[in-house]
Amino acid sequence: MKVVVAIDSFKGSLSSMEAGKAIAEGIKRVYQNAEVVVRPLADGGEGTVEALVEGMGGIFVTKEVTGPLGEKVEAIYGIIESKDDLSKTAIIEMSAAAGITLVPEESRNPMNTTTFGVGELILDAIERGCRHFIVGIGGSATNDGGVGMLQALGYDFVTQEGKAISYGGNGLRELASIEESNVHPTLKECTFKVACDVTNPLCGENGSSAIFGPQKGATPEMVQELDQLLLHYAELSKNINSHADRFYPGTGAAGGMGFAFLTYTNATLESGIQIVLKETKLEELIATADFVVTGEGRLDGQTALGKAPIGVATLAKKHQKKVLAFAGAVTPDAKECNQHGIDAFFPILRGVVTLKEAMNKEVAHQNMVDTVEQVFRVVEMMKEGK
């Protein structure tokens with residue numbers, strides 16, 4: 001028997017690979033000779049670096065960079081080396097350097113916050129030999145259009161007097177021109193897959209400032225001003241790239257980071273889960289599997305709307321494979337998942353416990369192993385026609 005396992009993390013409890021290995025342990029209790037292949041699963045957001053680095057045999061890198069408020073922060077990213085051509089891919093979460101969780105609630109103000117540290121992470125990866133990048137841009141504290149990142153990469157955003165502009169939205173107020181003579185020479189060799197699951201344009205009533213600005217501390221007045229400042233920035237950007245398109249779906253993601261990547265780098269915006277599925281070559285493994293196992297910490301109606309487990313199930317159904325899912329908890333509307341490729345799902349809780357007890361790593365591991373064992377005992381019973 002061959003089983004392919006790709007399960008999302010149980011946030012605060014088990015990582016993607018930890019959950020997957022627990023599932024493998026449960027299967028092996030029933031099928032000792034089974035081939036169980038565990039691959040990481042993430043949706044391009046929080047946990048993507050950890051999942052891909054652990055699952056693909058990469059390394060973690062810690063780098064001190066400029067945080068969203070201009071202070072120094074320790075950011076972690078990953079590097080994976082291809083076994084085929086020895087090329088290196090950097091896995092970066094924008095939130096490690098410019099995330100909203102790095103900013104105290106009382107200090108959240110997109111006029112001040114910058115993406116400069118994200119550019120510093122990219123530069124560090126370039127210096128370590130990376131030419132391919134996967135970048136998750138969720139959870140940002142910024143609305144600077146990605147200008148801070150571009151400044152770190154060598155683009156000069158200058159005032160009327162020819163001086164470098166300030167960080168954040170305040171800097172966009174000062175912006176008079178953009179120059180590219182000092183851009184890092186290797187940037188043109190780099191490709192970027194940007195995990196982006198929103199379709200908002202850069203500006204307008206559905207743009208980055210209007211939709212996402214308030215959660216980053218923007219007042220209604222700031223929202224209006226930032227929208228106009230990003231419009232000005234977008235127009236100036238046409239001097240660098242005549243194809244700059246502020247209307248393109250996703251350009252408004254992460255305070256305009258989508259626009260920055262598309263306009264100033266060799267980038268594509270893609271669904272986060274689709275990036276991960278491609279990078280892990282999951283479909284190739286699924287094609288020869290007998291069963292596919294997936295899941296996440298909480299299986300509910302939102303899962304059915306296209307979260308990571310459904311991405312796995314969709315691939316499996318292309319090859320007519322049976323899909324089982326395991327979760328820390330399930331809700332009544334999780335039954336929608338049965339209409340989207342998950343044949344059966346199972347909560348792993350085995351008794352009445354507190355949330356803290358349920359999320360204990362050792363408890364969650366044991367619950368997963370024991371539950372999976374019992375499910376696969378049923379599989380074996382049905383297989384033998386008992």
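**Figure 1. No salt bridges are counted between domain 1 and domain 2.** The model is predicted. The domain assignment places 2–41 + 281–385 in domain 1 and 48–273 in domain 2. Their centres, taken over C-alpha atoms, are separated by 34 Å. Nine residues from domain 1 and seven residues from domain 2 make the contact. About 580 Å² is buried between domain 1 and domain 2. Carbon and sulfur atoms give 74% of that area. On the domain 1 side, S15, M17 and P40 lose the most area to domain 2. Together these three residues account for 55% of what that side buries.

**Figure 2. The largest nonpolar core holds 59 residues.** The members that touch the most others are I122, F133, I137, F157, F192, Y233 and F261. Helix α8, residues 220–237, gives the most to this core: eight residues.

**Figure 3. Contacts of I122 in the largest nonpolar core.** Neighbours within four places in sequence are left aside. I122 is then in contact with I92, F133, M149, L153, F192 and F261. Of these, F133, F192 and F261 are also listed, like I122, among the residues that touch the most other core members.

**Figure 4. D8 is a buried residue with no salt bridge.** D8 sits in the loop that runs between β1 (2–7) and α1 (16–30). The nearest side chain of opposite charge belongs to K11, 4.7 Å away. Beyond neighbours within four places in sequence, D8 is in contact with S16, L41, A42, G295, E296 and A308.

Conventions. Residues numbered from 1 in each chain as written. Predicted model: local features only at pLDDT ≥ 70, side-chain atom pairs only at ≥ 80, totals over all residues. Heavy atoms only, no water. Core = buried A, V, L, I, M, F, W, Y, C linked by side-chain atoms within 4.5 Å. Buried < 20%, exposed > 50% of the residue type's maximum accessible area, 1.4 Å probe, protein only. Helix = DSSP H or I, 4+ residues; strand = E, 2+ residues; numbered from the N terminus. Contact = heavy atoms within 4.5 Å. Lys, Arg positive; Asp, Glu negative; His and termini not counted. Salt bridge = Lys/Arg side-chain N within 4 Å of Asp/Glu carboxyl O. Domains from an automatic or database assignment. Buried area = accessible area lost by both parts, 1.4 Å probe.
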